[in-house]
Each structure stands twice: as C-alpha cells, then as structure tokens.
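Trainee: I have a new model to read, and I would like a guide. Can we go through it one feature at a time?

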Amino acid sequence: MAGVVIVGGGTIWFQIHSAAVAKDEKEAAALQIQMKKLELEEMKIRNEKSAADKKAATASADKIQAAVDKCVKDSSDLLSKEYGAPSQGDVVAGCKQQYEAAAGPGMEAAGSAQDAGNAGGGGGINSSALLGLVAGGGLAVAAFARKGKKADA
C-alpha cells in the first residue's frame, strides 16, 4: 500500500512539475517574441531617423553646391588670360572653401543633433531606454522562473 501511495504521489508531483515547466517555457517564448518586437521597432525608428538624416544631408549638400556654382559664376569676371589673374581652378577652390567652411559648423551641429537625438528628450524611445526595458523584462522573468523553481522544490 505504501508503494502505491509513493508512486501515486510521485506521479502527481511529476504532473505538477511538468505543468510548471511548460508554463515557464510559454512565458519565456512570449518574452522572446516581445523582445523581437521591440528590436524590430527600434530598427524601424533607426531606419526612419537615418533616412531623415540622409535627406537633410543631401538637401544641405545641394544648397552648398548651388552656392558654390553661383559664386563661381559671379567670380567669372575675375578670370582672364592675363598674368597674375586667378585661374578657374583657384576661383572654384576659393568658392568651395568659402561655402564649405560656412557649412562645416552646421554639418557638425547636425551630427551632434543626431547624437543628442539618441540621448532622449525627443519624446521617442532611445536605444538606452529600450535596452533598459529589455534587461528589466529579462530580469523579471528570471526572478519569476527562479521563484517558481523554489516553490516546486
């Protein structure tokens, strides 16, 4: 009779333990799916930001090129075949230096604005906050899994 009780109790314990393990596995799979969704959302945000930055850089480069072209055109009267007059290459180089130097700090500001966008304050989810959410969720699941294992033991 005692053997039947031990075998019956072992079978019940095994079923309870198996159910708890299956539940933990489902929770872990759900967490993995949620983490993948968050990663996908982060990639979407980064791609959108990259596209906007690229568009802004292209627009800025077009403006600089237009200004350089206008400068060269306006300076074309300085070009002559006389000795000592600047060559066309000198005029182009001077115009490029003038407008690219003027655009330099703006481009640095755009670069720092991109870095600042990742520092928060923009109202969106930045990579640090996303990493914190993922890590916190992982720790919470690990704590619950460990608590469940202690309860089973």
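Mentor: Let us begin with a cut-off. Buried means under 20% relative accessible area, exposed means over 50%, and partly exposed lies in between. Keep in mind that this is a predicted model.

Trainee: What joins the side chains of Asp-53 and Lys-49?

Mentor: The general idea comes first. Side chains of opposite charge can pair when their charged atoms come close. Here, Asp-53 and Lys-49 meet in a salt bridge, at 3.8 Å from N to O. Both residues lie in helix α1, four residues apart, which is about one turn of the helix.

Trainee: Which residue does Glu-39 meet in a salt bridge?

Mentor: Glu-39 pairs with Lys-36, at 4.0 Å from N to O. These two sit in helix α1, residues 2–74, and are three residues apart, about one turn of the helix. Now use the cut-offs again. Glu-39 has a relative accessible area of 38%, so it is partly exposed. Lys-36 stands at 56%, so it counts as exposed.

Trainee: Let me step back to the whole chain. How many helices and strands does it have?

Mentor: There are three helices and zero strands. Along the sequence the pattern reads α-α-α.

Trainee: What share of the residues is buried?

Mentor: Of the 153 residues in the chain, 9% count as buried. The accessible surface comes to about 11,800 Å², and carbon and sulfur atoms account for 62% of it.

Trainee: Which residues form the largest nonpolar core?

Mentor: It has six residues: Ile-64, Val-68, Cys-71, Val-72, Val-91 and Cys-95. Helices α1 and α2 (88–117) are the elements that give two or more residues to this core. Helix α1 gives the most, with four.

Trainee: How far apart are Gln-98 and Ala-67, in sequence and in space?

Mentor: They are 31 residues apart in sequence and 9.7 Å apart in space, C-alpha to C-alpha. Gln-98 has its place in helix α2. At 46% relative accessibility, Gln-98 counts as partly exposed. For the chain as a whole, take the contacts between residues at least 6 apart in sequence: 67% of them join residues at least 24 apart.

Trainee: Which elements have the lowest and the highest mean pLDDT?

Mentor: Helix α2 has the lowest, at 61, and helix α1 the highest, at 86. Over residues 105–122 the pLDDT is below 50. Beyond near neighbours in sequence, that stretch has seven contacts in the model. Where pLDDT is low, the predicted coordinates should not be read in detail.

Trainee: What is the mean pLDDT of the chain?

Mentor: The mean is 74, and 62% of the residues reach 70 or more.

Key. Residues are numbered from 1 along each chain as its sequence is written. This is a predicted model: local features need pLDDT of at least 70, side-chain atom pairs count only at pLDDT 80 or more; totals for chains, interfaces and linings use all residues. Side-chain values use heavy atoms; hydrogens and water are left out. Buried means under 20% relative accessible area, exposed over 50%, partly exposed in between (1.4 Å probe, protein chains only). A nonpolar core is a set of buried Ala, Val, Leu, Ile, Met, Phe, Trp, Tyr and Cys residues joined through side-chain atoms within 4.5 Å. Contact means heavy atoms within 4.5 Å. Accessible areas come from the Shrake-Rupley method with a 1.4 Å probe; for residues, only the protein chains shown count as cover. pLDDT is the predictor's confidence in each residue, from 0 to 100.
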